[in-house]
Amino acid sequence: MNLARHSITPTSPVQVFDTQFDADCHIFTTSTPAGFAVYQTCPLKLLRKRELTGGTLAAVVPCHTSSLLFLLGGGRSPLYPPNKVILWDDAVGVEVAELEFRERVGGIVCRRGWLAVALRRRVVVFEVQETVVRKAEYDTCDNPRGILAMATGAYATLLAIPGRQLGHVQLVHLPPCRPPVPFGPPPSVPPSKPPPPPSKHPISIIAAHESPLTTLSAPPSGRLLATTSSRGTLVRIWDTITGKLLREFRRGSDKAEIYGVAFRPDEKEVGVWSDKGTVHVFSLVSSGASNRQSSLSPLAPFLPLPKYFDSEWSYAQYRIPAQAAHISLSSTSSVRSSNTDLAADEKCVVGWITVPAESGGTISEYQLIALTYSGGWYRLSLPVKGSQGPHSPVGNSLMTASPKASPLPRQRTSSVSSVTSLSDKGKRKERDKERKESRDLTLQEYRKYGRWDGWG
């Protein structure tokens, strides 16, 4: 028997041009050099694929879970000109409409019956029914990223676009979004009723940042709005009716490019991801998990401390491996070797899902799905309640778990007690490590997507 030595090499990563969730994270689309495909988010399953010849696509935007897709040409050999939006009916595999502009399309968002297209200095809104009708056009500041956000829930009206001034957000209210048409037997829960109209006229402009905007995100209800800027350090949460700043979160102290913000369906938490390869989770409510704050934050009302010490940091996070050939399940966060190139951190898109509880009960739990542009599919769970002890981020020893903890008086110690043995130091390091791990998201499942044969 020949037992020759064979070298084992990791599989080459999948080249993904773009990947996007639908409004409810039930499905996601991905475009590659071979074409595009539609996947079920969880459990991961290839629903359908289209192999294209003659060009590539820059983005495939799903309209909820319907068969209607919006296609944008892009790449080295675009299938369509970059100034066109193609409406594609994937049920029959044909183009049903085409929108042409005088300039390159920067980004698009959609909901049932409506489409908004971001150009360099304007946003055009269309009503999509049996025919596509141009309804409105709004001027914006320079918007090279094509950012905009649209509320997609039943009866929601919000469309958020950059304002005419740098760092400002313009809030537009469209006709209410119609609820989805139920299929099969009538649901046991009665359909939701339209919310009452606001007591006062909603605000139309929010001065969100002093630097250029990089992302705009809204939950399905449209009651909140998350904004980030080119500095990449702060995430701000706004009330879209009053324009009031509700919360301000700090992603980190160094500059980064924040790729996106995702609201949990119940609007109690947000997930944030950036080019640092880390997914952060922040709490929006006082109950439950607590965001980290500096131990000096209780002194802010009494001392003129810098705003940095009053910042809220994420209570949980996970670092996406950079082109990892091996991923350990049930681990908290992957470990990078010293020779890992941080610039190769994987770009990803993150969305929230609900999964049944492991005990088999009726209560579901919220988890995160992270899709990388090299074909990685990560299912991440939040830290278990009760194990969220305090821990400090790397390079900062001023963080505690409770944002409202009162400072305790410092106890005097004798010179004898100040001498710590090596064993005590080791135990302390182990305890600190356990606290740190309790703050990390847990990888529950890892698979691959983007292969046209449908293997996971």
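**Figure 1. Polar contacts of Arg122 in the predicted model.** The side chain of Arg122 makes a polar contact of 3.4 Å with the side chain of Glu103 in this predicted model. A further polar contact, of 3.2 Å, links the Arg122 side chain to that of Glu137. Arg122 lies in strand E11, which spans residues 122-128. With a relative accessible area of 17%, Arg122 counts as buried, because the cut-off for that class is under 20%. Beyond its neighbours within four places in sequence, Arg122 touches Glu103, Val117, Arg134, Glu137, Tyr138, Asp139 and Thr140.

**Figure 2. Arg236 and the backbone of Ala208.** Strand E19 (residues 234-239) contains Arg236. A polar atom of the Arg236 side chain is 2.6 Å from the backbone oxygen of Ala208. Arg236 is buried, its relative accessible area being 16%.

**Figure 3. The largest nonpolar core.** This core has 35 residues, and those touching the most other members are Phe28, Val281, Leu368, Leu441 and Tyr449. At least two core residues come from each of strands E3 (35-40), E23 (278-283), E26 (316-319), E27 (348-356), E28 (364-372) and E29 (376-381). The most is given by E27, which supplies six residues.

Figure 4. When residues up to four places away in sequence are not counted, Phe28 is in contact with Thr19, Gln20, Phe21, Ala37, Val38, Tyr39, Gln40, Thr41, Leu44, Leu371, Trp377 and Tyr449. One of these contacts, Tyr449, is also among the residues that touch the most other members of the largest core.

**Figure 5. A nonpolar patch on the surface.** Three valines, Val92, Val94 and Val96, make up this patch, and their accessible area together is about 250 Å². Val96 belongs to strand E8 (residues 94-100). The relative accessible area of Val96 is 48%, so this residue is partly exposed rather than exposed, a class that requires over 50%.

**Figure 6. The whole chain, for orientation.** The protein chain contains one helix and 31 strands. Its length is 456 residues, of which 45% count as buried. The accessible surface of the chain is about 24,400 Å², and carbon and sulfur atoms account for 53% of this area. Of the contacts between residues at least 6 apart in sequence, 51% connect residues at least 24 apart.

Notes
Residues are numbered from 1 along each chain as its sequence is written. This is a predicted model: local features need pLDDT of at least 70, side-chain atom pairs count only at pLDDT 80 or more; totals for chains, interfaces and linings use all residues. Side-chain values use heavy atoms; hydrogens and water are left out. Helices (H or I, at least four residues) and strands (E, at least two) are DSSP runs, numbered from the N terminus. Buried means under 20% relative accessible area, exposed over 50%, partly exposed in between (1.4 Å probe, protein chains only). A polar contact is a pair of N or O atoms within 3.5 Å; within protein, one must be able to donate a hydrogen and the other to accept it, and residues adjacent in sequence count only if both atoms are side-chain atoms. A nonpolar core is a set of buried Ala, Val, Leu, Ile, Met, Phe, Trp, Tyr and Cys residues joined through side-chain atoms within 4.5 Å. Contact means heavy atoms within 4.5 Å. Patches are made of residues with over 30% relative accessible area and no salt bridge: like charges are joined within 9 Å, nonpolar side chains (Val, Leu, Ile, Met, Phe, Trp, Tyr) within 5 Å. Accessible areas come from the Shrake-Rupley method with a 1.4 Å probe; for residues, only the protein chains shown count as cover. A salt bridge is a side-chain nitrogen of Lys or Arg within 4 Å of a carboxyl oxygen of Asp or Glu.
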